[in-house]
Amino acid sequence: GEIPPLNGSIQRTTVDKTKYYVVVKVFTDFTAADKYKKSLRDEKFNANVFYYEKDRRYYVHILETEKSSEAHQEVRNLKTYTKLNAARVLTIEPKK
């Protein structure tokens, strides 16, 4: 797996506070993840990609929040009202 240069379109996952991401799909390939992100944006989702060093995959997420309840509510909404029924919450904690 090639790691692309860090530019605006890739976020690293070091956080200073615990964050909750609503992840809709995971890819091993950046190009595929980026393409999927663009298709979601065309459907008016605020999609972004981050690279998760822990498992070396690219996560396409449409919500990033510090509130667990907000993330879980969003997942419920996605499963109910959209075709993104694989949505789930990924919790990233600060590195100790």
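Visitor: Is Thr-65 buried or exposed in this predicted model, and what is its relative accessible area?

Guide: Burial is read from the relative accessible area, and buried means under 20%. In this predicted model, Thr-65 has a value of 7%, so it counts as buried. Thr-65 belongs to strand 3, which covers residues 57-65.

Visitor: Which residues does Thr-65 touch, leaving out those up to four places away in sequence?

Guide: Thr-65 is in contact with Lys-19, Tyr-20, Glu-70 and Ala-71.

Visitor: What polar contact joins the side chain of Thr-65 to another side chain?

Guide: The partner is Glu-70, at 2.8 Å. A polar atom of the Thr-65 side chain also lies 3.0 Å from the backbone nitrogen of Lys-67.

Visitor: How many salt bridges does the structure hold?

Guide: There are 5 salt bridges. Asp-34, Lys-37 and Lys-38 are linked in a network of them. Asp-34 meets Lys-37 with an N to O distance of 3.3 Å, and the closest N and O atoms of Asp-34 and Lys-38 are 2.6 Å apart.

Visitor: Where do Asp-34 and Lys-37 sit relative to each other in helix 1?

Guide: Spacing in sequence is the thing to read here. Asp-34 and Lys-37 are 3 residues apart in helix 1, so about one helical turn separates them. Lys-38 and Asp-34 are 4 residues apart in that helix, again about one helical turn.

Visitor: Which of these residues count as buried, and which as partly exposed?

Guide: Asp-34 is buried at 12% relative accessibility, and Lys-37 is buried at 9%. Lys-38, at 47%, counts as partly exposed.

Visitor: What does the salt bridge between Lys-83 and Glu-43 tie together?

Guide: The side chains of Lys-83 and Glu-43 meet at 2.9 Å, N to O. Lys-83 is in the loop between helix 2 (68-81) and strand 4 (88-92), and Glu-43 is in the loop between helix 1 and strand 2, so the pair ties together parts that are 40 residues apart in sequence. Lys-83 is exposed, at 61%, while Glu-43 is partly exposed, at 40%.

Visitor: What is the mean pLDDT of the chain, and where is confidence lowest and highest among the elements?

Guide: The chain has a mean pLDDT of 87, with 84% of its residues at 70 or more. Confidence is lowest in strand 2 (residues 48-52), with a mean of 92, and highest in helix 1 (residues 30-42), at 97. Over residues 5-9, the pLDDT is below 50, and this stretch has 4 contacts in the model beyond near neighbours in sequence. Where pLDDT is low, the predicted coordinates should not be read in detail.

Notes
Residues are numbered from 1 along each chain as its sequence is written. This is a predicted model: local features need pLDDT of at least 70, side-chain atom pairs count only at pLDDT 80 or more; totals for chains, interfaces and linings use all residues. Side-chain values use heavy atoms; hydrogens and water are left out. Helices (H or I, at least four residues) and strands (E, at least two) are DSSP runs, numbered from the N terminus. Buried means under 20% relative accessible area, exposed over 50%, partly exposed in between (1.4 Å probe, protein chains only). A polar contact is a pair of N or O atoms within 3.5 Å; within protein, one must be able to donate a hydrogen and the other to accept it, and residues adjacent in sequence count only if both atoms are side-chain atoms. Contact means heavy atoms within 4.5 Å. pLDDT is the predictor's confidence in each residue, from 0 to 100. A salt bridge is a side-chain nitrogen of Lys or Arg within 4 Å of a carboxyl oxygen of Asp or Glu.
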